[in-house]
Amino acid sequence: MIVLAACFYSPEDYAKLLEISDDRESMCDTYEDWLVEFMKMRTGLEEKHIAVSPVRIKLDALLKFCKENNLKNNGEARSKYASHLAAQLAEIDKVLRLNTDKDGVLLN
């Protein structure tokens, strides 16, 4: 199954995101509207057998990512950032599983 990382925000963060985004005009006006659209997107993708993995976005870290990669803070950059975070989490999970497997061997 394909897994897609998707940005997820708190209500407070979404309000601030509206202030700092370069594509404000294409975004939902309220967190509630954004959440409805997020759920529609998630349901639609899951119907196509694509799992959606929400990734909580910290705005300061997002801005740092955009600056370091010379990106505007827009939907494309936010998607790249979510994918970047998901890849980091997958790598951490892989390392933890490898360490657990090694620990299991040592305990036998």
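Helices here are DSSP runs of H or I with at least four residues, numbered from the N terminus. The model is predicted.

**R78**

Helix α4 spans residues 75-107, and R78 lies in it. Is R78 buried or exposed? Its relative accessible area is 7%, which is under 20%, so R78 counts as buried. The R78 side chain makes a polar contact with the side chain of N73, at 3.0 Å.

Most residues other than glycine have a negative phi. H49 is not a glycine, yet its phi is positive, about 65°. N70 is also a residue other than glycine with a positive phi, near 50°.

Where do H49 and N70 sit? H49 is in the loop between α2 (31-47) and β2 (50-56). N70 is in the loop between α3 (59-68) and α4.

| Residue | Phi | Relative accessible area |
|---|---|---|
| H49 | H49: about 65° | H49: 57% |
| N70 | N70: near 50° | N70: 74% |

The cut-off for exposed is over 50% relative accessible area. H49 has 57%, so H49 is exposed. N70 has 74%, so N70 is exposed too.

**Summary**

R78 is a buried residue of helix α4, with a side-chain polar contact to N73. H49 is exposed and has a positive phi. N70 is exposed and has a positive phi.

Key. Residues are numbered from 1 along each chain as its sequence is written. This is a predicted model: local features need pLDDT of at least 70, side-chain atom pairs count only at pLDDT 80 or more; totals for chains, interfaces and linings use all residues. Side-chain values use heavy atoms; hydrogens and water are left out. Helices (H or I, at least four residues) and strands (E, at least two) are DSSP runs, numbered from the N terminus. Buried means under 20% relative accessible area, exposed over 50%, partly exposed in between (1.4 Å probe, protein chains only). A polar contact is a pair of N or O atoms within 3.5 Å; within protein, one must be able to donate a hydrogen and the other to accept it, and residues adjacent in sequence count only if both atoms are side-chain atoms.
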